[in-house]
Amino acid sequence: MNTIDALQFQRLFLAGANNLSNNKEYINELNVFPVPDGDTGTNMTLTIMAAAADVKEQADPTIDSLSKAISGGSLRGARGNSGVILSQLFRGFCKDIRGKKELTLVDLVSGFSRGVETAYKAVMKPKEGTILTVARGVSDKAAELLMQDEEYPLIQFAEKVVAYGEEVLEHTPEMLPVLAEAGVVDSGGQGLIEILRGVLIALKGGEVLLQDGGQPARLARGAGVLEDVPKARPTYNAASGKEDISTADIKFGYCTEFIILLEKELPDEQVEKLKTYLLSIGDSLVCVADEELVKVHVHTNHPGLAFEKALEYGQLTRMKIDNMREEHSERVELEQQRAAEQEAAFKQIKLERKEGVKEPQETKKPPKKYGFIAVSVGDGLAEILTEIGVDHVLSGGQTMNPSTDDILKAVDSVNAEHVFVLPNNKNIILAANQASDICKKKDVIVIPSKTIPQGISAMIAFSDDAEPAENRAAMIASLETVKTGEVTFSVRDTSVEGKSILKGDIMGIDDNGISVVGPDIADVTARMIDGMVDEDAGLITIYYGEDTTEKDAEALVEQMQEKYPDVDLDLHYGGQPIYYYIVSVE
C-alpha cells in the first residue's frame with residue numbers, strides 16, 4: 001500500500017480515536033499533579049470523539065468530507081489545553097489535504113508539517129516537552145524518511161514514524177523539570193502516540209474496537225492478535241506539564257495595529273512573507289489571515305514601514321499606533337483595550353463585506369449591551385455568580401472542562417451584543433478563546449480568569465457605563481488583585497515541587513502550586529491561608545464545598561479571625577465537589 005483512499009482514511013482515523021479512548025484512564029492516572037480533575041486523557045478523548053461521531057456516519061466519504069468533519073468536529077469539541085492543541089493539529093493537517101482524492105506519502109508529510117505549524121501558532125509561547133514537541137518530532141521524522149525515498153512503503157514508514165515519536169516522548173522529562181521530578185512523560189504527548197498507534201494497527205489490517213472498560217483492543221481481521229503493535233510502554237509514565245502562557249517583554253516602542261482588506265485570499269506563502277518582514281522590524285507579532293482580511297498587531301520602532309509593506313497586499317483600515325515608552329505605566333491595559341477593539345472591528349468588517357447577506361431577524365426582545373458567562377460547579381457558587389450578574393453559569397471546571405461547542409452554545413443563549421466569558425480555570429482559557437474566534441454573531445470577550453475568585457473579582461470590576469474595551473482592561477487588571485487557594489486530596493503517590501505526596505494526603509494549592517501537604521483538612525487549610533496573607537491583606541473569603549460541614553467551616557473562620565483580627569472574613573457555601581475549600585485573599 002502506497003496511497004490511502006477516503007474509506008481507508010476513515011478507518012485509520014476511527015482506529016486512532018478508539019485507541020486514545022481505550023487508553024484515556026491510563027493517561028489520566030499518571031498525571032504529574034495528583035488532583036482529582038478531568039485530566040488530559042479525558043479532554044483529548046472527548047475532543048477526538050466529537051469528530052469521530054461525524055466521521056463514522058459517513059457511508060460514502062471523500063477526503064474533503066472527512067477533513068471537514070475532523071477539523072470542524074474537533075474544533076468545536078475541544079476541551080482543555082491538550083484538546084485545543086489536538087484540534088489545531090487536526091485543523092492544519094485537514095486544511096493541507098483539501099482537494100485530494102487519495103493521500104500519498106508526500107501528502108501525509110505535508111499535512112503533518114502544516115498541522116504542527118498550526119498547533120504551535122495556537123499557543124502564544126509554546127513550551128518544549130509537551131504534545132507539541134512530540135508532534136514536531138513525528139513531523140520531522142516523516143520529512144526525513146520522505147527525503148530518503150518518496151516511494152517508501154507506507155507501513156514501514158508509519159512504523160518508523162511512530163517509533164520515533166515514542167522515542168521523543170521518552171525524552172520529554174529532559175525538557176520539563178516538573179516531568180523529571182515526577183519521573184514521567186508528558187500526557188498530551190502520550191495521547192498523541194496512542195492515536196498514532198491506533199492508526200498503525202489499522203494500517204496493518206487490524207481493528208481497534210472501542211472498549212467500555214478502557215482496555216485497548218488490538219484485533220486483526222481474521223488473523224488473530226497483532227503481536228508487534230504497539231511497542232511496550234516507555235520507561236516513564238504519562239503526565240501533563242504546566243501549560244501556563246506568558247507574554248514576551250516589550251522591546252520596541254510603538255504598538256502598531258491595522259487590518260488589511262484583501263481583494264482575494266492571500267496564499268499561505270505570502271502570509272508567511274509578510275510575517276517574516278514584520279518580525280524583521282519588530283516583535284510581539286500577531287498576524288491572523290482568512291479569505292477576506294489580515295489582522296496585524298506588531299511592536300516596532302518603524303510603524304510607517306509596517307504600513308508600507310501591508311499596502312502591497314490591499315487597502316488598510318482600523319490603523320492604530322501607541323507610543324508605549326511614553327505610556328509605559330498604562331501599556332498593559334492599553335494593549336488589552338486595543339486588542340478587544342481590533343477583534344470587534346475584525347468581525348464587523350467581515351459582516352459588512354458580505355454582500356446581500358443579512359443577519360436573521362431576532363424574534364426575541366432586542367439584545368442588551370452586555371452579557372456574562374462563567375464556568376463553575378457547585379450550587380452555592382452558581383447562586384453567587386448569578387447574584388453578581390452572570391447570565392449563564394456553565395457547569396464545569398477542574399472536574400470536567402467544557403468544550404468549545406459548550407461555550408458557543410452558552411454564548412448563543414445570552415441575548416447580548418457583547419458577551420464576556422470567564423473560564424475560571426487555566427485549562428479552559430484556550431477553548432474559550434477558540435469559541436471567541438469561531439463566533440461571528442456576537443462580540444465574545446474572554447477574560448482569562450484561572451479561578452472562581454478571579455472570576456468574581458472580574459465581575460465586581462465591571463461597569464455598566466464603560467465601553468467594552470474599557471471593561472475588558474479593568475476586568476483583566478482585577479485578576480491580579482486576588483490570591484486563590486484550593487484544598488483537595490491526592491489521588492496518587494507522587495513527588496511534585498520537592499514534596500513527597502501520598503495517595504489520600506490533603507493538599508493546599510495556591511497560585512504558585514502545591515504549597516501545603518498534610519493529613520488534616522483544617523490544618524492544611526489554615527497553613528495555606530497563612531502563606532497567602534501578607535501585610536496588604538484586607539479580606540479573606542472562604543467557600544466551603546459539598547463535603548465540608550458548615551460547623552467545620554465556621555470553626556475555621558473563628559480560628560482565622562483570632563489569628564488575623566485586622567482582616568475581614570466572609571464565609572459562603574460554595575457546594576463545589578472535590579475541593580473542601582476555595583479561599584481568596586484580597
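These legends describe close-up views of a predicted model.

**View 1. The whole chain in outline.**
The protein chain holds 20 helices and 21 strands. It has 586 residues, and 55% of them are buried. Take the contacts in the chain with a separation of 6 or more: residues 24 or more positions apart account for 73% of these. The views that follow pick out single pieces of this chain.

**View 2. Helix α1 packs against helix α4.**
Helix α1 covers residues 6-22, and helix α4 covers residues 63-77. Their axes lie 9 Å apart and form an angle of about 25°. Angles under 35 degrees count as roughly parallel, so α1 is roughly parallel to α4. The crossing of α1 past α4 is left-handed. Which residues of α1 meet α4? They are Ala6, Phe9, Gln10 and Phe13. On the α4 side stand Ile63, Leu66, Ser67 and Ile70. Of the residues in this contact, six are nonpolar, two are polar and none is charged.

**View 3. Helix α15 crosses helix α16.**
Helix α15 spans residues 404-413. Its axis comes within 8 Å of the axis of α16, and the two cross at roughly 55°. That angle makes α15 oblique to α16. The crossing is right-handed. From α15, the contact uses Thr404, Ile407 and Leu408. From α16, it uses Ala431, Ala432, Gln434, Ala435 and Ile438. How do the residues of the contact of α15 with α16 divide into nonpolar, polar and charged? Six are nonpolar, two are polar and none is charged.

Asn424 sits in the loop between β12 (416-422) and α16 (429-438). It is not a glycine, yet its phi is positive, at about 60°. Is Asn424 buried or exposed? Its relative accessible area is 6%. Buried means under 20%, so Asn424 counts as buried.

**View 4. An open sheet of six strands.**
What is the order of the six strands in this open sheet? It runs β18-β17-β14-β21-β19-β20. The pairing is mixed. Strands β18 (513-518) and β20 (568-573) stand at the edges. Each has a single partner strand, so one side of each is left without a neighbour in the sheet. Neighbouring strands of the sheet are turned by 20° against each other on average, direction ignored.

Strand β17 covers residues 506-510. How many bridges join β17 to β18? There are five, and the two strands run antiparallel. Within this pair, Met507 stands opposite Val517 in β18.

**View 5. Two helices lie across the sheet strands.**
Helix α19 is made of residues 521-532. It lies across β14 (483-489), β17, β18, β19 (539-544) and β21 (581-585). Helix α19 runs at about 160° to β14. Helix α20 is made of residues 550-563. Which strands does α20 lie across? They are β19, β20 and β21. Helix α20 runs at about 170° to β20.

**View 6. Val487 and the residues around it.**
Val487 belongs to strand β14. Its relative accessible area is 0%, so Val487 is buried. Residues up to four places away in sequence are left out of the list of what Val487 touches. Among those it touches are Ile506 and Met507. Others on the list include Ile521, Val524, Thr525 and Met528. The list also includes Ile578, Tyr579, Tyr580 and Tyr581. Val487 and Tyr544 are 57 residues apart in sequence. In space, their C-alpha atoms are 9.7 Å apart.

Where is Ile578 placed? It is in the loop between β20 and β21. Ile578 is a residue other than glycine with a positive phi, near 75°.

**View 7. Val298 in strand β8.**
Strand β8 covers residues 293-300, and Val298 lies in it. Val298 has 0% relative accessibility, so it counts as buried. Leu285 is 13 residues from Val298 in sequence. The distance between the two in space is 4.5 Å, C-alpha to C-alpha.

Definitions and conventions
Residues are numbered from 1 along each chain as its sequence is written. This is a predicted model: local features need pLDDT of at least 70, side-chain atom pairs count only at pLDDT 80 or more; totals for chains, interfaces and linings use all residues. Side-chain values use heavy atoms; hydrogens and water are left out. Axes are lines fitted to C-alpha atoms, for helices over the stretch in contact, and angles run from 0 to 180 degrees between N-to-C directions. Helices (H or I, at least four residues) and strands (E, at least two) are DSSP runs, numbered from the N terminus. Angles under 35 degrees count as roughly parallel, over 145 as roughly antiparallel, 65 to 115 as roughly perpendicular and the rest as oblique. A crossing is left-handed if the near helix is turned anticlockwise from the far one by less than a right angle, and right-handed if clockwise. Contact means heavy atoms within 4.5 Å. Ala, Val, Leu, Ile, Met, Phe, Trp, Tyr, Cys and Pro count as nonpolar, Asp, Glu, Lys and Arg as charged, and the others, Gly among them, as polar. Two strands pair if DSSP finds at least two bridges between them. Buried means under 20% relative accessible area, exposed over 50%, partly exposed in between (1.4 Å probe, protein chains only).
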